[in-house]
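I set out to record what I looked up in this structure.

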Amino acid sequence: MIQTIETLEKIIETGTADLSEIIELLESRDDEQQLLYSAAREITQNIHGNVIFLRGLIEFSNCCCNNCLYCGIRAGAPGIQRYRMSADEIVATALKIKASHCGTVVLQGGVDPDFSTAKLAEIIKQIKAETSLAVTLSVGTKTEEELLVLRQAGADRFLLRFETSDQAIFSKIHPFESFEQRVACIRNLRPCGLQAGSGFMIGVPGSDIKTIASDILFTKNLELDMIGCGPFIPSPGTPLAQESLLSDLSVYYKTLALIRIMNPYAHIPATTAFDSLCDGGRDEVMKCGANVFMPNFTPPHYKKEYNLYPGKPQVDTSIDIYEAVKERIEKMGRTVSSAIGDAIQPDAYGKNEYEHNNC
Ligand code: SAH
């Protein structure tokens with residue numbers, strides 16, 4: 001017990017740890033585990049304050065030419081009603097996001113060749129012309145040239161998870177992709193002027209506690225502005241449908257807490273997959289390190305077809321999304337923020353690339 005508390009204190013002080021120290025904390029229980037959560041909470045509070053930033057999500061296409069073994073919208077997934085939102089629908093939804101007090105729009109989709117870089121660039125330009133929103137993209141791996149075009153068009157941030165740092169597992173679950181290319185894209189983000197986001201799925205099949213510890217270290221070494229991690233959820237109709245969740249659910253939350261402690265400045269969303277773990281899962285994550293919430297603004301008739309995994313929060317069209325999220329967050333004693341919520345370590349770039357003139 002005393003040993004683990006000392007390890008925790010060391011990680012808090014230095015912001016880093018070795019594999020065995022991370023494993024020690026992932027295996028912590030009872031009081032030690034609670035100390036880990038409260039340390040993560042305190043760091044979040046000290047650096048980010050009491051606010052939760054809102055990033056409005058648009059799932060603009062569920063068409064995908066990739067075949068990731070875990071994903072419910074993979075190319076080979078049977079029985080899916082595929083859709084693509086039109087540019088006008090995307091921009092109209094972004095306007096709704098702005099009107100709903102979010103400072104950022106996140107455009108996420110499958111790897112859909114129909115949304116070429118040029119087409120995405122046009123959509124970003126239109127959103128930037130009509131709103132003061134920050135634009136975040138989550139559209140799969142891009143080359144350096146493509147990233148520059150998207151940045152030029154006005155994209156502010158880019159999310160691309162490395163999913164797992166175990167290269168053998170990565171190759172197995174990503175038949176069409178290379179780990180090197182994905183990591184190269186993540187490393188290219190900041191040099192291209194984009195705020196960099198990445199993360200992993202906690203407990204991908206084939207991984208154990210050591211893999212998760214390595215994933216946490218890998219995340220730290222990427223020096224990210226945003227870190228999005230969530231539990232792997234077995235998705236029906238995929239080759240990994242029969243796999244299971246981790247037997248000890250607390251490992252998911254301990255992972256998040258450690259990520260917060262080791263990356264105090266990063267923006268960390270309470271990702272949707274936590275709500276698939278259990279009711280109110282995202283609330284738990286906001287109690288152990290998360291400072292971002294991503295309400296989903298995808299029009300309901302499309303949203304029900306964007307099933308990466310089961311248990312996504314239900315679509316209730318009668319409820320005002322902003323009011324519901326605000327209530328949820330205020331119930332926890334936090335406040336929502338409609339600010340842009342840019343990266344807060346601009347020194348890392350030499351100069352503050354991210355000053356917005358319109359916020
Ligand atoms: N096409 C984009 C967006 C992918 S979907 C891209 O390639 O980056 C966003 C994230 O959902 C993925 O990065 C993955 O981590 C997560 N995801 C997909 N299927 C999942 C599952 N079954 N369980 C948990 N997370 C999943």
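Entry 1. I began with E163, which is found in the loop between strand 4 (157–159) and helix 7 (167–173); helices (H or I, at least four residues) and strands (E, at least two) are DSSP runs, numbered from the N terminus. I note that this is a predicted model, in which local features need pLDDT of at least 70, side-chain atom pairs count only at pLDDT 80 or more, and totals for chains, interfaces and linings use all residues. Residues are numbered from 1 along each chain as its sequence is written, and side-chain values use heavy atoms, with hydrogens and water left out.

I looked up the backbone of E163 and found a positive phi of about 70°, although E163 is not a glycine. Most residues other than glycine have a negative phi. Is E163 buried or exposed? E163 is buried, at a relative accessible area of 9%; buried means under 20%, exposed over 50%, and partly exposed in between (1.4 Å probe, protein chains only).

Entry 2. I then turned to the ligand. I recorded 17 residues around the ligand, with Y70, G109, R161, E163 and I233 the closest; a residue is near a molecule if one of its heavy atoms lies within 4 Å of it. By class, this shell holds 10 nonpolar, five polar and two charged residues. In this scheme Ala, Val, Leu, Ile, Met, Phe, Trp, Tyr, Cys and Pro are nonpolar, Asp, Glu, Lys and Arg charged, and the others, Gly among them, polar.

A backbone N or O atom of Y70 lies 2.9 Å from a nitrogen atom of the ligand. A polar backbone atom of I233 is 2.8 Å from a nitrogen atom of the ligand. For R161, a polar side-chain atom lies 2.8 Å from an oxygen atom of the ligand. The protein covers 92% of the 560 Å² of accessible area that the ligand has on its own (Shrake-Rupley method, 1.4 Å probe).

Entry 3. I looked up D30, which is placed in helix 3 (residues 30–48). Phi of D30 is near 45°, a positive value in a residue other than glycine. D30 is exposed, with a relative accessible area of 59%.

Entry 4. G333 counts as partly exposed at 47% relative accessibility. The C-alpha atoms of G333 and N50 are separated by 8.1 Å, although the two residues are 283 residues apart along the chain.

Terms used
A polar contact is a pair of N or O atoms within 3.5 Å; within protein, one must be able to donate a hydrogen and the other to accept it, and residues adjacent in sequence count only if both atoms are side-chain atoms.
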